[in-house]
Amino acid sequence: MLKFFCTCLLMLGALYGPIARAESVLFLNPGTTGEAFWVSYSRFMQAAATELHVDLRIQYSDRKSENTLKQAREALQGPNRPDYLVFVNEQYIAPQILRLARGSGVKLFMVNNALTPDQVRLLGAHPDQHPDWLGSLVPNDEEGGYLMLKELIRLHPPVAAGQVIELLAFSGLKITPAAQLREKGLMRALAEHPEVRLRQLVYGEWTRERAYEQGRLLFKRYPNASLIWTANDEMFAGALQAYAETGRLPGRDAVFGTINNSPMALQALLDGRLSVLLGGHFSLGGWALVQLHDYDQGVDISQYGGRDVQIPLLQLIDRAQARRLMTLGVKQDYGVDFQKLSAKGRPVSYRYPFSLQTLMR
C-alpha cells in the first residue's frame with residue numbers, strides 16, 4: 001500500500017511538477033489585541049496571506065519591547081524558524097533583532113518604523129553587511145503630522161488680528177520613530193502659522209488611558225485651547241473623553257485631529273466630533289506580504305522602487321471615504337486582488353500600486 005502511495009506521488013510530480021510549499025511569515029505585532037489599529041492591520045495582512053497562499057502567523061507584544069525581543073529570539077534561534085520575519089522598529093529594537101538574525105537563515109523585513117538615520121550610521125546598514133535584511137516599507141509619518149495641523153488650522157474659525165489660536169498636542173511614545181516624525185511634521189506646520197501657539201505637547205504613549213489622564217489636566221490648565229492634535233486614534237479617544245467632561249463640545253468649541261482609520265475614528269468623523277482624520281497605513285503589512293511573496297518567487301523587489309520605500313499612505317479622509325472604509329472593514333478580503341499587484345513579469349518601470357485608492361476601487 002505504501003509503495004502504491006509513493007508511486008502515485010511520483011506520478012503526480014511528473015505530471016504537475018513539484019508541489020509548491022507556502023512560504024512561512026511571522027509578524028511581530030507591537031500592539032495589543034485591544035487596539036483597533038493593530039487588529040485591523042493584522043486582519044488586512046491575513047486577507048493578503050490567504051489570497052497569496054502565504055503561511056502567516058502573528059504574535060502580539062502588548063506594547064512591550066521585551067516581549068517582541070523574546071518572540072524574535074525564539075523565532076530566529078529556535079527549531080521552528082519562519083522563512084520571513086516581519087517586524088516594527090518600535091522603541092528602537094531593530095538593531096537587536098538584526099543581531100539575533102545573524103546566521104539564522106531567516107529573511108527580515110521592517111514595516112511602519114524602519115531604521116533611524118542614527119541606527120543606519122551605527123550599523124553601517126548596507127545589503128552586503130546584512131544579507132538577510134530585505135528592506136522596509138513605511139508610511140509618510142512626517143507629512144501626516146504636517147497635514148493634520150494644516151487642516152485643523154484651515155477648519156478653525158478665523159480670529160481677530162493680534163489674537164492667537166491655542167494648540168494642545170498629544171504625541172505617541174517618545175522613542176518611536178513614527179511619533180518623532182509626526183511630531184516633526186506638527187512643528188513644520190506650526191512654523192508656518194505664527195497665529196497658532198502650542199501651549200503644551202505631551203506623550204500619551206499611544207494609549208487612551210494615558211491621554212485621558214493628561215487631557216483632564218491640560219483642558220483645565222488651558223481652557224481656551226481650540227486646536228487638539230493627536231498622533232493616533234486611541235489618544236484621540238482619551239482626549240475626547242476628557243474634553244467632554246469639561247462641558248464643551250468637540251467640533252464646535254475645539255477641532256480635533258487624529259491618525260488611524262479605526263471604526264471609532266471613522267464614526268467620530270461622520271458625527272462631527274472629529275474634524276480631521278488621516279489614515280490608510282493599516283494596509284502596510286498586507287502590502288509587505290505582496291513584496292515578500294514576489295521575492296519568494298524570484299523577483300528582485302529592489303528593482304521596483306528600492307529596498308527601503310516610503311509610501312504616501314497617510315491621506316486626509318473625507319466623510320464619503322469614511323463611509324467606504326467602514327464598509328470595507330467588514331469584508332474578509334477588503335475587496336483587493338492581491339495577486340494582481342505582483343511585480344512578477346513586469347518591466348522595471350512598474351511600481352507597486354500600494355495606496356488608499358487601491359482600497360477604494
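Reader: Where is the place of E35?

Author: You'll find E35 in the loop between β1 (24–29) and α2 (36–52). Keep in mind that this is a predicted model.

Reader: Why does E35 count as buried?

Author: Start with the cut-off: buried means under 20% relative accessible area. E35 has a relative accessibility of 8%, so E35 counts as buried.

Reader: And what is E35 in contact with, leaving aside its neighbours within four places in sequence?

Author: That would be R63 and E234. To be called a contact, heavy atoms have to lie within 4.5 Å. There's also D233: 198 residues separate E35 and D233 along the chain, and their C-alpha atoms are 9.5 Å apart.

Reader: How do you describe two packed helices?

Author: With the angle between their axes and the distance between the axes. Here, the axes of α8 (residues 208–221) and α9 (residues 233–244) come within 7 Å and cross at roughly 35 degrees.

Reader: What is the hand of the crossing where α8 passes α9?

Author: It's a right-handed crossing. The term right-handed goes with a near helix that is turned clockwise from the far one by less than a right angle.

Reader: How do you know where empty space is left?

Author: You roll a probe the size of a water molecule over the atoms. In this structure the search finds two cavities of 30 Å³ or more.

Reader: What makes something a cavity and not a pocket?

Author: In a cavity a 1.4 Å probe fits but cannot get out, whereas a pocket is open. The largest cavity has a volume of about 170 Å³. Of its 16 lining residues, F37, W38, A178, R182 and W206 lie nearest the centre. By class, the lining has five nonpolar, six polar and five charged residues.

Reader: And what is the volume of the largest pocket?

Author: About 380 Å³. It is lined by 20 residues, and A114, L115, T116, P117 and L181 are the closest to its centre. The element that gives the most to this lining is α7, with five residues. The classes here are 11 nonpolar, six polar and three charged.

Technical notes: Residues are numbered from 1 along each chain as its sequence is written. This is a predicted model: local features need pLDDT of at least 70, side-chain atom pairs count only at pLDDT 80 or more; totals for chains, interfaces and linings use all residues. Side-chain values use heavy atoms; hydrogens and water are left out. Axes are lines fitted to C-alpha atoms, for helices over the stretch in contact, and angles run from 0 to 180 degrees between N-to-C directions. Helices (H or I, at least four residues) and strands (E, at least two) are DSSP runs, numbered from the N terminus. Buried means under 20% relative accessible area, exposed over 50%, partly exposed in between (1.4 Å probe, protein chains only). On a 1 Å grid over the protein atoms alone, a cavity is a set of points where a 1.4 Å probe fits but cannot get out, and a pocket is an open set with protein on both sides within 12 Å along at least five of seven lines; lining residues have an atom within 4 Å of a point. Grid points are joined across faces, edges and corners, and a volume is the space filled by probe spheres set on the points. Ala, Val, Leu, Ile, Met, Phe, Trp, Tyr, Cys and Pro count as nonpolar, Asp, Glu, Lys and Arg as charged, and the others, Gly among them, as polar.
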